[in-house]
Amino acid sequence: MKTVIINGQSHHGSTYHIAHMLGTKIGGELTELFLPKDLGEFCVGCTRCFLEGEDKCPHYSKVSQITKYIDEADVIILASPVYVYHVTGAMKAMLDHYGYRWMAHRPEKAMFKKQGVCIATASGAGVGSANKDMADSLFNWGVGKIYKLGMPVAAANWDQVSDKKKRSLENSTDRIAQSIKRSCGKVTPPLKTKAMFMLMRMMQKNGWNEHDKEYWEKNGWLGNGRPWK
Ligand SMILES: Cc1cc2nc3c(=O)[nH]c(=O)nc-3n(C[C@H](O)[C@H](O)[C@H](O)COP(=O)(O)O)c2cc1C
């Protein structure tokens, strides 16, 4: 099994340790990426990814390195500390580069059989909204099974995290790792994902973006083909 962790920060704080703990428990091949180190560019809003293709993005050479790991992975872990109630700017900037992969545009077929995990830590509040930031992308990419782990660590770094919270994190990561291992190779997306796909399919049939419509046609999704089959 292959896992990629995309860290929304470049330092080894609480968020890194929790994501690493989970990645290690899942086992197999683990790749850990760090933002903004591995992708520091902001989406400039040129919309060329939507209209002409993702390879026309001015940051394509860097984005495609991340894409390679995402596509090869069975499990995608997005991890971010909470910054003002949301993910870090670096995580948001990375996710913006994948707007073209939302079901409203050109979702990648392989996503529907993958599993994803969102991990957020905060001093006190905001793990729910930060996890939603990441889960919104995983869902709209079509990721078949999504887990969330949020922990208000009440700490500015890993050493300050209490033993009680560390024990609780050991238990949560054990549970998620076991479930991921059990489901590997057997993922089918939930009804909500399939319903969203069908809604987007109706939209694509009307062909509001030629580049997207061609992609859906090529995949056979405007006929009977479905990405989870
Ligand atoms: C710019 C910035 C904004 C933050 N905003 C919040 C916040 O909205 N709510 C909160 O509870 N903690 C906030 N924090 C604290 C961090 O989320 C918290 O310490 C987190 O666990 C740090 O994770 P790390 O050890 O992986 O860096 C903020 C920290 C920074 C640096």
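**Reading a fold, feature by feature**

Q: What does relative accessibility tell me about Thr 47?
A: Thr 47 counts as partly exposed, because its relative accessibility is 35%. Buried means under 20% relative accessible area and exposed means over 50%, with partly exposed in between (1.4 Å probe, protein chains only).

Q: Before we go on, what sort of model is this, and what gets counted?
A: It's a predicted model: local features need pLDDT of at least 70, side-chain atom pairs count only at pLDDT 80 or more, and totals for chains, interfaces and linings use all residues. Residues are numbered from 1 along each chain as its sequence is written, and side-chain values use heavy atoms, with hydrogens and water left out.

Q: OK, big picture. How many helices and strands are there?
A: Helices (H or I, at least four residues) and strands (E, at least two) are DSSP runs, numbered from the N terminus. Here you get eight helices and five strands. Walk along the sequence and the order is β-α-β-α-α-β-α-β-α-β-α-α-α. The radius of gyration is 18 Å, close to the 17 Å that the globule rule gives for 229 residues, so the chain is as compact as a globular protein of that length. That radius is taken over C-alpha atoms, and the rule is 2.2 Å times the number of residues to the power 0.38. Along its principal axes, the C-alpha trace spans about 55 × 40 × 30 Å.

Q: What share of the protein chain is buried?
A: Of the 229 residues, 49% count as buried. Take the contacts between residues at least 6 apart in sequence: 78% of them join residues at least 24 apart.

Q: Now strands. Which strands pair with β3?
A: Two strands pair if DSSP finds at least two bridges between them. Strand β1 (residues 2–7) pairs with β3 in the parallel sense over five bridges, and Ile 5 has Ile 77 of β3 as its bridge partner. Strand β4 (residues 115–122) also runs parallel to β3, joined by seven bridges. There, Val 75 stands opposite Gln 115.

Q: Are the faces of β3 covered or open?
A: Both faces are covered. On one side sit Val 75, Ile 77, Ala 79 and Pro 81, on the other Ile 76, Leu 78 and Ser 80, and they are all buried.

Q: Which residues does Thr 3 touch?
A: Thr 3 is in strand β1, and it counts as buried because its relative accessibility is 2%. Not counting residues up to four places away in sequence, its contacts include Ile 26, Leu 30, Val 75 and Ile 77.

Q: How should I read a helix, and what does α4 pack against?
A: An α-helix has 3.6 residues a turn, so residues three or four places apart point the same way. In α4 (89–96), the buried residues are Ala 90, Met 91, Ala 93, Met 94 and Leu 95. The buried residues of α4 pack against β1, β3 and α5 (127–141).

Q: Is Pro 107, out in a loop, buried or exposed?
A: Pro 107 sits in the loop between α4 and β4, and it counts as buried because its relative accessible area is 0%. Beyond residues up to four places away in sequence, it touches several others, among them Trp 102, Trp 141, Trp 216 and Trp 221.

Methods. Contact = heavy atoms within 4.5 Å.
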